Amino acid sequence: MNLEPESYSSQHIPLESVKCFLSETLPRLGWNRSSKEDVVLDVGCGPGGTTFQLILPLFPGVKKIFAVDLVPVAIEFAKRHNSHQLIEYSVANFEDW
């Protein structure tokens, strides 16, 4: 398995199933129509491209997006290349929470 974040970010195209889920399924469930400030958790955010390009625009009223990944180099890449004041990237193993 290649864990270099540049390998995942160079394509800028998430898996079609992820793209479909975020852009079609979640809006059908009303996840983007909240009138309140949402807090979103992105588990397994990798280098942050999907977090920044797809999740952030899906939630226009988002208060904060917590994006976590197990791979430290991926989080460092996300902080450098996909940062936003509403996204907080952290190294974490979700299974430990």
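Start by selecting Val39, Leu41, Val43, Phe66, Phe94 and Trp97: together they form a nonpolar patch on the surface, with about 600 Å² of accessible area. A patch here is built from residues with over 30% relative accessible area and no salt bridge, with nonpolar side chains (Val, Leu, Ile, Met, Phe, Trp, Tyr) joined within 5 Å and like charges within 9 Å. Accessible areas come from the Shrake-Rupley method with a 1.4 Å probe, and for residues only the protein chains shown count as cover.

A word on what you're looking at: this is a predicted model, where local features need pLDDT of at least 70 and side-chain atom pairs count only at pLDDT 80 or more, while totals for chains, interfaces and linings use all residues. Residues are numbered from 1 along each chain as its sequence is written, and side-chain values use heavy atoms, with hydrogens and water left out.

Which strand gives the most to the nonpolar patch? Color strand β1 (residues 39-43), which supplies three residues. Val43 sits in that strand, β1, and is partly exposed at 40% relative accessibility. (Buried means under 20% relative accessible area, exposed over 50%, and partly exposed in between, using a 1.4 Å probe and protein chains only.)

Now zoom out. The protein chain has four helices and three strands, running α-α-β-α-β-α-β from the N terminus. Helices (H or I, at least four residues) and strands (E, at least two) are DSSP runs, numbered from the N terminus. Of the 97 residues in the protein chain, 34% are buried.

Next up, the salt bridges (a side-chain nitrogen of Lys or Arg within 4 Å of a carboxyl oxygen of Asp or Glu). How many does the structure hold? Two.

For one of them, pick Arg28 and Glu24, whose side chains meet at 3.5 Å, N to O. Both lie in helix α2 (residues 16-28), four residues apart, about one turn of the helix. Arg28 is exposed at 63% relative accessible area, while Glu24 is partly exposed at 40%.

Then hop to Glu88 and Lys64, paired at 4.0 Å, N to O. Glu88 belongs to strand β3 (residues 87-91) and Lys64 to strand β2 (residues 64-69), so this pair ties together parts 24 residues apart in sequence. Both are partly exposed: Glu88 at 34% and Lys64 at 23%.
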